[in-house]
Amino acid sequence: MVFWFGIESMALKLLLLLLAISVANADEDVFIGVNIGTSLSVMPHSTQVVALLKAQQIRHVRLYDADRAMLQALANTGIQVIISVPNDQILGIGQSNSTAANWVSQNVVAHFPATNITAISVGSEVLTTLPNAAKILVNALKYIHSALVASNLDSQIKVSTPLSSSIILDSFPPSQAFFNRSLNPVLVPMLSFLQSTGSYLMLNVYPYYDFMQSNGVIALDYALLNPLQATKEAVDSNTLLHYSNVFDAVVDAAYYAMAFLNFTNVPVVVTESGWPSKGDSNEPDATLENANTYNSNLIRHVLNKTGTPKHPGLAVSTFIYELYNEDTKPGPVSEKNWGLFDATGTPIYILRLTGSGAVLANDTTNQTFCTAKDGTDTKMLQAALDWACGPGKVDCSPLKQGESCYEPDNIIAHATYAFDTYYHQMGKTSAACDFNGVAAITTTDPSHGSCIFPGSLGLGKNGTFVNITAPSNLNSTSSDSSAYNFHSEAFTSILLIIQVVISCAVFL
C-alpha cells in the first residue's frame, strides 16, 4: 500500500468532482474499510452481508478468518479483502512450513483472483493476547509469505499482523515513544520482514480506551477528533508539533517507535478503530452520539487526507470496528455495541459527513427509506398497510390501479410505499419505521419506473423493486392500530465510503 504525500492540482479537481473512484491497483487507494465480526446470535447470510457492503459503497473489508462462504460471496465484486489466520492456528503455522502452504492453498489460491484478497493478517494482537505464540509469530509471517511466493502471489498480497497500540510506551509526546522493550526480540525481525516485503504495520487504535483509562487527563473532544482551539491542542515539547486528537498522536507514536528501532519506511495501516454506541453504567461515554461523532470525524479525517502532524498529507487508511453489533460477544455491554449496523442491516445511527470537503459531494444522509421486510407474514403487512393508509393519514392514492405505484401489485411493494411515505411525514425518525416489526430502514432507494418514493433523487432502479434489508425475528404484538407504537431503538445511517485518485511519492 502506497501512501500519499502531496496534492497535485489534477488530483484535487478529481477529488472534488467524483462521487466514488475505484482504482484497479490496491497500492493506490486511500480508504476507509470495515471489519466484519461474526459474534451475532443471527448472523446474516454471506450474500446479505455483501449486498449491504455494495449498497454502502464499502470497497475494503477485513475478515477475522477465511470463511469460505464469505470469500465466495465476495468473488467478482472487486471488494478488497484482508483475510486472517485466527490466533488458534498460529502455533501450527509458525512451526510448519507445510501447514502454512496448505493454509494458503485452501484459503487464498482457491479463491484468488475472483476474490480480491489484498493482504493476510496473521493473528490479531498476538503479542498482548497470546504471548506463548510470540516466539513463532515471525516464523508464521515468513512461512505464509513463502507460500505466497511459491504461488507467485507475493507481489499482490501483503502479509502482516495487527498490533495493539498498548505496546507503545511513553506515547506522549509522540517523539519520545518506544515499543515495550521486552518485545524487541520479536518486533525487530518483524519490522525487518515488513520492510523487506514492502508490507505495512497493522495497528489497532482505540481512543475510546485511551480516554477511559486516562483518569480525566484526556479530554473527550480530544478523543473524539472534534475541532479544538489551538490553545487546547497538545504540543510535543521536542518537535513543537501540535496534536488535536488522540488518533494522530497514537499513529505518530508508532512511527517514532519504529524509528527508535531504525525503521523509517514502514507505513501504518490502522486495522481497527471505532467507538461503542452503548455501555454499562460505568461507561457513560459509550453513547450513540459519541460513536456517531467519532466515526464521522474519523471518516472525514482519513478521506480528506489530512495526515498526521509528523506526516501531513499522509493519509492513514483505516478499518472501522465494525460492520455489525455483535450481541453474543462476552464482556461488558460496550463490547457488543461497536457496529454501524444491526443484524438486519438497519443502521445504528446517521453518520454526519456533511461539510467534509469532497465527502460533501457524496453526502446522502437524507436518502434513507422505510421498507417492508421480505418474508414477513402477509396478514401483519396488510394490517400495517391498512393502518398507514387510514389512521396514519398516508395518501395511498398512487397505489390504486392505473396509478404510478400500483405495479408491482403485491403486498410487499404497496406496504413499502405506505411505510416510506409515513416515515418521511414523521420526519424520518427511527421510531416511525417499525410498524410492529414488519418494516426496516434501508439506504436502498425502492423507487421503480414512474413510482418515485419520498426522499428519492428520482433516479429509480431500472424498473426493479429492491430491498437489501434482511428479514429479522423482531418481537411483535397484535395487528390492530394500537399495536403500532413505533418503539424501535435503531437509528438511521449511511456509511459513505469514497475512494480517491492520489499521487504517489517517496515515503519520508
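This note walks through the main features of the structure, point by point.

1. **Overall picture.** The model is predicted. The protein has 508 residues, and buried residues make up 55% of them. DSSP runs give 14 helices and 15 strands. The protein exposes about 20,400 Å². Carbon and sulfur atoms supply 53% of that area.

2. **Contacts along the chain.** Take the contacts between residues at least 6 apart in sequence. Of these, 73% join residues at least 24 apart.

3. **Helix 12.** This helix covers residues 288–303, which is 16 residues. From its first C-alpha to its last, helix 12 reaches 22 Å. That is close to the 22 Å expected at 1.5 Å a residue. Is helix 12 enclosed or open? It is largely enclosed by the rest of the structure, because 14 of its 16 residues are buried. As background, an α-helix has 3.6 residues a turn, so residues three or four places apart point the same way.

4. **After helix 12.** Lys305 follows the helix. The phi of Lys305 is positive, near 55°. For context, most residues other than glycine have a negative phi.

5. **Two asparagines with positive phi.** Asn76 has a phi near 65°, a positive value in a residue other than glycine. Asn76 sits in the loop between helix 3 (68–74) and strand 3 (80–85). With 69% relative accessibility, Asn76 counts as exposed. Asn152 is not a glycine either, yet its phi is positive, about 60°. The loop that holds Asn152 runs between helix 7 (134–150) and strand 5 (158–160). Asn152 also counts as exposed, because its relative accessibility is 59% and the cut-off is over 50%.

6. **A cis bond at Pro113.** Most peptide bonds are trans. The bond from Phe112 to Pro113 is cis, with omega near 10°. Pro113 lies in the loop between helix 5 (97–109) and strand 4 (116–122).

7. **A cis bond at Pro408.** The peptide bond from Glu407 to Pro408 is cis as well, with omega near -5°. Pro408 belongs to the loop between helix 13 (378–389) and helix 14 (411–425).

8. **Disulfides: the pattern.** How many disulfides does the structure hold? There are 3. Number the bonded cysteines in sequence order, and the pairing reads 1-5, 2-3, 4-6. The next three points take the pairs in turn.

9. **Cys370 and Cys433.** The sulfur atoms of Cys370 and Cys433 are 2.1 Å apart, and the two form a disulfide. The torsion about their S-S bond is about 90°, so the disulfide is right-handed. The pair links distant parts of the chain, 63 residues apart. Cys370 is in strand 14 (residues 369–372). Cys433 is in the loop between helix 14 and strand 15 (439–442). Cys370 counts as buried, at 0% relative accessibility. Cys433 counts as buried too, at 4%.

10. **Cys389 and Cys396.** These two form a disulfide with sulfur atoms 1.9 Å apart. With -90° about the S-S bond, this link is left-handed. Are its cysteines buried or exposed? Cys389 is partly exposed, with a relative accessible area of 31%. Cys396 has a relative accessible area of 14%, so it is buried, the cut-off being under 20%.

11. **Cys405 and Cys451.** The sulfur atoms of this disulfide are 1.9 Å apart. The link of Cys405 and Cys451 is right-handed, with 100° about the S-S bond. Where do its two ends lie? Cys405 is in the loop between helix 13 and helix 14, and Cys451 is in the segment after strand 15. The pair links distant parts of the chain, 46 residues apart. Cys405 is buried, with a relative accessible area of 4%. Cys451 is buried, with a relative accessible area of 1%.

12. **The loop between helix 13 and helix 14.** Cys405 lies in it.

Terms used:
Residues numbered from 1 in each chain as written. Predicted model: local features only at pLDDT ≥ 70, side-chain atom pairs only at ≥ 80, totals over all residues. Heavy atoms only, no water. Helix = DSSP H or I, 4+ residues; strand = E, 2+ residues; numbered from the N terminus. Expected span 1.5 Å × (residues − 1). Buried < 20%, exposed > 50% of the residue type's maximum accessible area, 1.4 Å probe, protein only. Disulfide = S-S within 2.5 Å. Contact = heavy atoms within 4.5 Å. Areas by Shrake-Rupley, 256 points an atom, 1.4 Å probe, with all protein chains shown as cover.
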